[in-house]
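Let's take a walk through this protein together.

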Amino acid sequence: MTIQIPRGTQDILPGEVEKWQWIEETAKKICQLYQYQEIRTPIFEQTELFQRGVGDTTDIVQKEMYSFQDRGGRDLTLRPEGTAAIVRSFTENKMFGLPNQPVKLYYLGPMFRYERPQSGRYRQFVQFGVEALGSMDPAIDAEVIALAMEFYRSLGLKRLKLVINSLGDRESRKAHRNALIQHFQPRINEFCSDCQERLEKNPLRILDCKKDRKHELMASAPSILDFLNDDSSTYFKQVQHYLNAMNIEFVVDPTLVRGLDYYNHTAFEIMSEAEGFGAITTLCGGGRYNGLVKEMGGPDTPGIGFALSIERLIQALEAEDVPMENNKQMNAYIIALGEKAKDYSVALLQNLRRDGLSVERDYMDRKLKAQFKAAERLGAQYAVIIGDDELSSGVATVKNLVTGEQKEMALENLKEGLLD
Ligand code: HAM
């Protein structure tokens, strides 16, 4: 039996990979504009990092991690997300001591979650994310959100919905937590086993339950926004004020609860409203995580960030019919006829490539006509024909494959001519 690709993963083949390159280049460009620097951390980390960082009660840690022991008996996990590792690296490399604060970082790479694969949900997916560590200015929350929105906008997405919420500070959350326990406790046996377990550990996560979404106690559950203390409420208002200042439209949704434990204050998600997008509409999620650096053993440093997957982004681009152009043009296809010309063309290709031209030739012993066809298929701008006659006269026949025009070009001036 032939071996197949693992479930929930995908090959990104030539033809498709150009979209990825375009998106990745755009992400890098936008991070340069907003002054976020790239950071690369390992694909696997100590399992404990995610248990403590993402949270023991989350679905990610309880059900979705790819964990294993290495030959030395160490417990390791393929990273299910980026934030915990960035915080580890920030602390380990003492980035809190850098002169430039806040520390603004971005990452782009594969994440792994053992989820039930479906449209928009993979077991290996690529996240682009940013983290800003060290500032408690609500303007940085607004900047992080603006960066994500601007990234999507610059790629051509229009049908976006930004949803924000505040989860408040420790004090506000505590008051809300108690109210949630009181609300759900009397009828908790009507809820799924996960929710029953969450009641004491993390009742906020009950609001995120997919199974019990329609239970009447869900809609009437106490809203976090009614429990925000003055500091949290002022902070949230300031974030909204800055979003308004940038003309970024948003909706406040007090039921927005993120699936990871580290959040407080600002939480947000960006959804696609494109028709035919599919059931999972969240493109991007993020928020503030003020206690996480301390939890990881660093100094008490605030942080905010987001992550989005390229897989869902491509799905949204397709749903909105955004053309994904491929500008990677090829300059010329060299057609060598005869042994001498072939010898000459081998060196010619090498020299042209060294001069920065994208060129190709035949390796399949095709006839002249088939070589022209190959040149057109590859999108070459010119076909250059070199036979024995051309070699002795030092002049090649060059056909512009876009206009059909044909002319002679001195072999020694080929580079300039082809770049014309
Ligand atoms: P998250 O909500 O778990 O947050 O994931 C962020 C985004 O990753 C989702 O909105 C979705 O686009 C994408 N995503 C998640 N799981 C999958 C999957 N199985 N297949 C395809 N795409 C997926 C985080 O990961 C946080 N670290 C975000 C963050 C950064 N918060 C603060 N800083």
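We'll go through the sheet and then the ligand.

First, some ground rules: this is a predicted model, where local features need pLDDT of at least 70, side-chain atom pairs count only at pLDDT 80 or more, and totals for chains, interfaces and linings use all residues. Residues are numbered from 1 along each chain as its sequence is written, and side-chain values use heavy atoms, with hydrogens and water left out.

Look for an open sheet of eight strands with mixed pairing, in the order E1-E5-E6-E11-E10-E9-E7-E8. Strands here are DSSP runs of at least two residues, helices (H or I) of at least four, both numbered from the N terminus; two strands pair if DSSP finds at least two bridges between them. E1 (37-38) and E8 (251-252) stand at the edges with a single partner strand each, so one side of each has no neighbour in the sheet. Helix H5 (138-155) packs on the sheet, touching E10 and E11 among others (contact means heavy atoms within 4.5 Å).

Which side chain has a polar atom 2.8 Å from an oxygen atom of the ligand? That's Arg 258. A side-chain N or O atom of Arg 113 is 2.9 Å from a ligand oxygen atom.

How values were computed. Polar contact = N/O pair within 3.5 Å; in protein donor to acceptor, adjacent residues only side chain to side chain. Axes fitted to C-alpha atoms, helices over the stretch in contact; angles between N-to-C directions.
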